[in-house]
Every structure is written in structure tokens, then in C-alpha cells.
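Colleague: I've got this one open and would like to go through it with you. Shall we start with confidence and then pick a residue?

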Amino acid sequence: MNQILAYPICRLCLVATLAFAVRGETINAEKAQQESARMFAAVLLIRGTAVGGNIGAYGVYVRNTGDSNWTKITRSNVISFGLGLFKQGTTRRHYLAAGNGLHRSTDAGQTWRVLTCWTTEEILCVVPDPVDSAMIYVATPFGVFKTTDDGITWDRKMTGFKKWFIQRIIMDKRDRHTLYAASEDDIYMTTNGGAQWSPMRVGAAEPLALLQHPTKPNRLLAGFEENGLRYSPDHGTTWIAAKGLSGSTIYTISASADGTDLYAAGWKTGLWRSEDGGLVWNHVWSNPAFDAIYSIFVDPTDGQHVFVGSVGGGVYESHDRGKTWRSAGLVGGQIKQIELYP
Amino acid sequence: MKMSSIILINFLFLWNVSLSQQMSREGYLKAYADRAAYVTAAFDTASNASFNTIATRYAHNSDIGLADSMLLEVLKDPKGDMFWMFPCMNAYLQGKEKMSPAAKSAVRTAWKTYAPYRGDTENHWAMYYASLFIAAEQWPGLPGSEWYNGRSSDENRMEAKEYIIHWIKVTTTIGQGEFDSPDYFPEYMNAMLLLAEFAQDPQMKQRGLMMLDYILVDFAAEHLEGQYLGGFSRIYEPAVYKPLNSVASAFAYLYFGTGQPSQTGWLTYAALSSYRLPQIIYNIATDRSRPYVERERKRVRNVIRFGEEKNPPVYKYTYITKDYGIGSLQGGILQPIQQHTWGVRYTYGYPYTTIFGLHPYYSSLELGMFFPEELKPLIADVVASKGTYNNPDKWTGSSPYERTFQYLNTLVVLYDIAPGTSTGHIDGFFPANLEQRLVDSSGWIICKAGDTYVGWYPLQDYEWIAGKSPDQKEENDFWRLRSHKLQNGYVIEVRSKSEIGSFETFAGRLRSHVPKGVLSPGAVSVRYTTLDNEKMFFAFPDIRKLNGKTIDLSKTKLFDSPFLHAEVGSEMLSLTYKNLRRVLDFKNLRIVE
């Protein structure tokens with residue numbers, strides 16, 4: 001979920017790009033740089049409203065920091081599971097992992113092209129290669145798929161897996177050919193770009209959330225269905241049950257850029273934080289307005305500035321490291337991911 | 001008198017005739033034309049702007065200017081995803097040569113700017129890709145910037161074609177996943193009608209035509225007086241207890257001349273189409289002169305997790321007579337939310353022409369097998385659109401704790417429900433309009449529905465609860481048999497007057513045939529000797545023996561009955577009726593007669 005965080009984000013220069021694209025306004029670069037950062041949220045509304053209905057609310061939304069008005073940048077009803085970004089020089093490619101395939105925009109959301117076809121079915125997570133724009137990994141209910149030709153063809157990369165449902169993939173910060181995938185029975189690792197996967201023997205099934213520590217990359221964290229959080233200090237050689245949140249269902253783990261604060265949340269857990277790199281966790285905040293938190297985002301330039309994306313309650317925002325919170329809009333949405341729109 | 005009323009009166013006459021005897025081909029085609037005219041009559045003169053009205057007006061040259069303005073109106077704010085795509089294409093193609101340039105341009109613009117969602121079910125994809133294929137053929141050579149999904153005409157056409165070929169291959173080798181759904185039947189029909197009528201690619205047109213035969217004969221072989229028989233992948237309430245409420249029954253009216261006259265918009269595609277039902281399918285649908293067994297193999301909807309196989313097999317068994325049909329699936333979770341595992345349907349007492357039972361189970365684990373979202377919020381998500389899903393009183397749904405064993409017109413159903421399961425009871429549906437519903441001292445519940453008799457032997461204690469369907473105002477319209485024991489089951493015997501004689505004879509025979517059950521957790525079984533002295537032994541979940549011989553369901557063919565035959569993996573379906581034969585050969589894309 002947090003693969004975008006693996007790469008440094010240059011916020012100001014891309015704010016301008018987005019401002020032009022989304023609003024269609026003529027904004028000069030100087031003015032754009034004065035604008036505050038935009039947020040980027042993938043919203044999944046409840047399945048019951050999804051198909052054939054009259055609600056066009058799901059999709060990807062952006063907004064200015066401090067503003068509660070969000071603008072949808074995807075075209076129509078797109079059940080959205082996650083976001084991805086490729087950034088190199090002046091090139092920006094935004095990806096949306098969605099129910100009807102992988103969408104890509106090369107013009108900051110003005111137009112989108114579906115890159116996958118029927119064989120990949122629903123796309124639950126996307127990881128663009130940070131160097132080669134033609135190389136993309138996606139997680140789907142029927143496995144990991146990879147393209148090396150910018151989506152013209154997709155290869156299923158499942159050697160080594162026991163089960164085919166892949167919920168999440170993240171890429172190692174140090175080696176773009178090393179990836180971690182949350183499958184039904186375990187977390188799997190590849191060191192050769194998906195050609196071969198090996199189980200990490202985490203000791204718990206149904207991993208849902210993965211995180212590589214931002215500054216101590218040997219440290220891996222995983223959240224599970226009804227199995228709390230597990231923590232590996234040694235790149236997956238050993239896994240330890242984290243203290244706090246035991247038995248909970250964890251949907252998301254996130255970190256401040258400097259790794260001081262780690263956050264986790266899930267089903268009826270509220271928001272939790274670890275200040276020791278992931279071993280001990282303490283409750284920070286709960287809101288009776290919603291049962292679950294699907295996403296957490298910590299502003300990479302300000303560790304005090306934290307967002308959570310809830311299931312039904314929309315986005316909440318804190319400027320004081322979680323002490324106080326305010327609703328930041330998209331009420332009713334299921335917020336699958338929040339990222340900075342760079 | 002309005003034209004539509006005159007046509008209706010004509011129709012009711014023809015309908016009655018069709019019930020009493022099978023028609024000659026000429027007679028059938030004439031009666032079909034009259035029924036099709038009745039269907040479209042409602043749309044010929046309708047003033048509301050809908051794609052069905054627009055398509056019918058174009059097809060019948062009925063005020064083209066008005067049709068144009070209606071089309072512009074409905075294209076202002078497209079909604080409905082794939083449910084928008086196929087009516088839109090149908091209206092466009094019915095009127096393409098007649099509509100104004102502005103109307104034509106509006107359609108093209110809509111396919112550029114409105115992005116319909118592909119959905120996530122088999123019927124969604126059938127509609128989506130059939131419509132996309134036709135659309136891509138209509139506007140060839142356009143770049144991705146001219147299409148809602150950023151893909152070029154060629155890319156869209158090729159992807160749609162590939163998927164449709166894949167779907168047909170899967171269907172004709174291991175069976176449909178969303179099989180025999182009385183409520184989703186029209187989605188497949190209309191997708192294939194679009195291909196059969198409008199595809200320019202002759203092979204795709206042929207595929208559409210052959211799949212129409214396939215879908216219709218799949219229904220025809222399990223059809224009785226407008227009703228779909230047997231176990232179903234998906235059905236809604238109230239159609240599950242008012243069988244003619246399903247849209248498939250409207251198609252039975254149009255194609256088979258059975259059931260009740262209908263002017264549902266779902267029928268307009270068929271009514272405007274040049275496709276005509278082959279005589280052999282009509283005969284299969286309507287000849288009930290001899291009882292028969294229809295065995296079929298389908299497949300489970302794509303299992304994404306919590307399973308070992310993507311598409312495990314579904315085994316269907318249906319016994320059909322002129323008065324009733326009793327059919328079942330083997331049980332377990334084969335489809336989420338709307339499965340109908342077994343039921344008796346008969347010709348007496350419309351609209352409540354059925355008796356059935358179920359374990360009204362629900363769980364996020366079941367949903368997680370088929371939907372990729374996080375498990376815990378899933379139930380609430382599904383309930384938002386399928387409101388009965390977590391209702392313990394619901395009348396549809398599968399259960400991992402339910403299994404069946406059927407032989408001819410005898411059915412055994414067993415339950416071994418784990419403690420703590422979402423619902424700790426089983427239910428049976430008995431219409432209030434039964435002529436008799438006797439609770440006999442032998443333990444049998446003995447029912448009379450006209451010339452059909454149904455015996456139900458509960459293996460555990462139960463209670464009767466008066467029930468009302470939502471549209472029922474005063475008296476109850478059904479009785480609910482509810483049993484709270486977790487290890488449970490029942491035996492169902494069905495006979496008709498022509499099979500066994502009087503109701504009293506049936507009741508007397510039942511009294512001397514009492515099942516013997518063992519009902520302990522993890523050890524649920526029953527021994528029963530049927531009214532025809534066949535010895536059935538059934539142990540939950542999957543040990544089935546008939547006269548001491550183990551029944552191996554895995555040998556079930558794709559279709560196996562006096563009328564239909566298809567081997568697993570064959571891509572071929574043979575239809576037989578007396579001296580008529582028709583082979584749908586999908587491998588070579590030809591029909592052999």
C-alpha cells in the first residue's frame with residue numbers, strides 16, 4: 001500500500017502539473033508553487049452501489065491541503081483499490097489499480113487508458129518499477145502479473161506461490177528486483193523481479209498490510225486478518241509478534257519519512273502508533289463514526305501531519321501527530337489509499 | 001380497444017392452445033410473431049424516453065424524429081455501466097440508417113466520454129464485451145483518444161472477441177458459472193442476441209447464434225409451463241417462491257409460448273431480432289409426455305481465495321414430469337448470496353408453485369471466496385445491494401453445511417451445522433395455497449398441490465411460522481417450517497396423480513416408508529427406502545449410496561438426458577428429439593442437423 005513512499009517525493013514541482021491538468025486553469029509556475037500540496041485518494045464506495053447503479057462517486061480524488069473539497073480525476077464509476085506513481089525527470093505516470101483493470105494517466109488525471117485486459121481481472125495493487133516505465137507489477141485475485149512492455153502484454157508470475165490470491169505487493173527500497181507479496185497463506189519474496197517467489201514463513205496467514213521501514217530497510221512489518229502485527233528485524237529471517245494489537249485485523253501500516261513514527265490500523269482498532277520501530281504499539285485515536293481504517297498517510301515533509309482514510313467516514317486529518325483530528329471530507333467513501341499528489 | 005389489448009386477447013388464445021399441444025413449425029412461427037408483436041406493442045407507442053422505446057420506434061419506423069429526440073435525451077446523462085452499453089448499441093443499430101446526424105453523433109460521443117464499468121460477474125462481462133465488440137466494429141480505426149477507456153477500436157474489438165471466445169469455451173467445456181439463473185438469463189440472452197443480430201465478423205455472428213441455441217436449450221430441458229426447474233446459481237426473492245416472476249419466464253412466454261404474457265423491456269431485443277428458436281428446442285421445452293432425468297455439470301463461480309480449485313464442479317440433477325419438477329445441486333457453497341440449492345416446482349396454484357428448503361447461512365468468509373475486498377466490511381457492503389443476505393429469514397443462499405442426494409423424484413437433504421454459525425436453523429417454504437398440508441402421525445408432512453403430491457419427512461423437531469411476502473397485505477401466503485437443531489435433514493418424496501394414483505394412496509405409501517437418521521455432530525446420515533423401493537444411504541457431506549452402490553458425481557457429464565448430451569471438455573452439445581437432431585459444434589463453429 002505504501003510503495004509510493006519508497007521513493008522521494010518532489011512535491012512542489014508536480015503541484016503545478018496537477019493544477020493545470022485538473023482544473024484546466026492557467027496557473028503559472030510561481031503561483032503553483034505557492035499553492036499547498038494536493039492529496040490524492042483512491043476511494044472505494046461500498047460494493048452494493050457499484051455496478052449498474054446511478055452513483056458515480058468512486059474513483060480517485062485530489063484536493064489542496066487544508067481544503068475539504070475534493071475533485072474527482074477519474075472519469076466515472078471506477079471501483080478503486082490503490083494508486084501508483086512513476087516519476088523520472090519530468091515524466092509522471094499515475095496508476096490506478098481498479099476493478100476494471102489498471103488505469104494509467106500521463107497527463108495528471110486528464111485522460112486515462114486501461115492497460116490491462118480481461119485476463120488480469122481486478123487489479124488490487126500496482127507497483128511501477130522506479131527506473132523502467134515499461135515495467136509494472138500488479139497484484140490480482142489470480143496472482144501477480146508483470147509487464148515489461150508498458151502494458152501491451154502481461155505475464156503471470158506465480159512460480160513458488162501456493163495460493164493465487166495476492167492482496168498486496170511492495171518493492172524493496174534498496175533493490176527494485178526484490179518485492180514482497182501478501183498471498184493468502186504467507187508473505188512471499190522474490191529477488192529476481194517475480195521469476196521465482198519464496199515463502200517468508202511469517203507464521204500467520206492472510207497478510208493484508210506490508211511495510212518496509214523507511215530508514216531501516218531490514219525491518220519489515222506485516223498486518224494480518226485477526227492476527228495482529230508481526231515484525232521482522234532481519235529482513236524476514238525471523239518474525240516476532242508485535243506488542244499490542246494482538247488478534248486484531250490490520251489493514252494498513254504507514255510511517256513518517258524519518259521512521260520515528262509508525263502507524264497501524266484496521267478493523268475496529270482505531271489508530272495505533274509505534275515509536276520504537278515496530279515492536280511496541282500504543283493506541284492513539286478512535287472514532288465511533290466508523291468501524292475500520294483502510295489507509296494512513298504521514299506527510300513526508302511534516303511528521304506531525306497525519307491522515308487516515310476510513311471505511312464510511314471519509315478522510316480525517318491531524319496536525320499534531322494524532323492528538324486532535326478533523327474531518328477532511330469524502331464522507332461516505334471507503335478510502336483505500338492516500339498519497340501526496342506530487 | 002387499444003391495439004395492445006387486441007393483441008393480448010389474441011395471445012391469450014394462442015397461449016392456451018400452445019399449452020395443450022405442440023405446434024407445427026408454421027404454427028409456431030405465426031404464434032411467435034404474434035407474441036413478439038405483443039411484446040413490442042407496448043414500446044411502439046410509449047412516450048417515455050428509454051432505449052427500448054427508441055429501438056422499437058426505429059425498428060418499426062414509428063416517428064423517427066421522436067426516436068431521435070428521445071435518444072438525445074437519454075444520452076445526456078448516461079448511467080448503468082454494461083446495463084447501459086447493450087441497450088444503447090441495440091437502439092443505435094436498430095436506427096443507424098434512419099437517425100439524424102445529431103443523434104448518430106451523440107451516440108459516438110457517449111462511447112467516448114461515458115466510461116461504463118466492466119463489473120465483476122459473468123453476466124456483466126458477457127454484456128460488456130458483447131456490446132464493446134459490436135461498438136468497436138461500428139467505429140473501426142479510431143485511436144484510444146476516441147474511446148472511454150483509452151484503447152483503440154482494434155484493441156477493444158480484439159479484447160472483446162478474445163473474452164467472448166474464452167467464455168464460450170469455458171461454458172462448453174466445464175459449464176457456466178452463473179448457470180441456470182432465472183433472473184440473470186436475459187443478460188446472457190441479450191448479449192448473444194446483439195452478437196447474432198449485429199456482428200459483422202461472421203464467426204462472431206455464428207458464435208452469437210449458437211450460444212442463443214445453447215442458452216435456450218439449457219433452459220428448455222429444465223422448463224415446465226414457463227418455470228425454470230432445478231437448482232439455480234442465482235435467483236432473487238420473490239421469484240424464488242413466485243417462480244413466474246423471474247424474467248426467464250418472460251422469455252419462456254416469447255419463445256415457448258408458456259407461462260404468462262409479458263411486455264418486459266428485457267424481451268424487446270429478442271422480439272426485434274431475426275433469431276428464431278429452432279423447432280427442436282421448442283419441442284424439448286414443451287414435450288412433457290414422459291418423465292425424464294436431466295443431469296448437468298456446471299462450475300462454481302471463480303473462487304479467488306479459501307479454495308483449492310478455481311472452478312470446482314457443480315452437479316445438477318432434475319427430475320421432470322408434466323406436472324412437476326424436482327431438482328437439486330449437490331450442496332455447499334457454489335455461488336455467493338443467491339444460490340437455490342433445491343426445489344420442487346409444479347403447475348398448480350400460481351403464483352406460489354414451489355416447495356423448497358435451505359439453511360439461511362451468511363458469512364464474510366463465503367463472500368471472501370468470491371469478492372476481493374477486506375472480509376470484515378463485506379457483509380455490510382453486500383447487504384447494501386442484496387438486502388436479504390444477512391437476514392436469517394431469507395429464502396435464497398448457499399451453505400457449507402448443506403448437502404443433497406437425489407434419485408429420481410426422491411431427495412435427501414442433510415445438515416451438519418457448526419456451533420456458532422451465523423444462522424442456527426433450517427427453513428422450509430410451504431405455500432399457504434396448498435390444497436392439503438397434513439402433519440401425519442408417521443412424521444411425514446404430506447402436501448397436495450393439484451395433481452402433484454409432496455411428502456416432507458423432517459428428521460428433527462420443528463415449528464410452523466406463518467409468513468408473508470413483502471407485497472402480501474392480509475393473510476399469510478406461506479408457512480415456514482423452522483427447525484433449530486444443528487444436525488438436521490429431511491427426505492422429500494414427490495409424485496403426481498398419474499404416477500401414483502390418489503393423494504390417499506400417496507399418503508398411505510409414505511406412512512410405511514420412514515427414514516432412519518443418525519444425527520450427531522460430525523456423524524449425520526440417513527437410510528431411506530423410497531416409495532419405489534430404492535435404498536438410499538446418505539452420510540454428510542458426500543457419501544451417497546444407491547442400493548449399496550456408491551454414487552460418483554464426478555462422472556457427471558456436461559449434459560445428460562434423453563434430449564441433451566455433452567461430454568466434459570467437448571465444446572459440443574447434441575440435441576435430440578424423436579427423429580430430430582441438432583449438434584452445436586463450437587470447436588468447428590458449425591451447426592449440424
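Modeller: Chain B has a mean pLDDT of 95, with 96% of its residues at 70 or more; pLDDT is the predictor's confidence in each residue, from 0 to 100. Over residues 1-20 of chain B, though, the pLDDT is below 50, and that stretch has 26 contacts beyond near neighbours in sequence. A contact means two C-beta atoms, placed from the backbone, within 7 Å. This is a predicted model, where local features need pLDDT of at least 70, side-chain atom pairs count only at 80 or more, and totals for chains, interfaces and linings use all residues. Residues are numbered from 1 along each chain as written, with chains lettered from A and ligands numbered from 1 in written order.

Colleague: Is Tyr317(B) buried or exposed?

Modeller: Tyr317(B) sits in strand S4, residues 313-320 of chain B (strands are DSSP E runs of at least two residues, numbered from the N terminus). Buried takes 20 or more other C-beta atoms within 10 Å, exposed 12 or fewer, and partly exposed is in between, with C-beta atoms placed from the backbone. Tyr317(B) has 26, so it's buried.

Colleague: How far apart in space are Tyr317(B) and Trp139(B)?

Modeller: In sequence, they're 178 residues apart. C-alpha to C-alpha, the distance is 45 Å.

Note on methods: Helix = DSSP H or I, 4+ residues; strand = E, 2+ residues; numbered from the N terminus.
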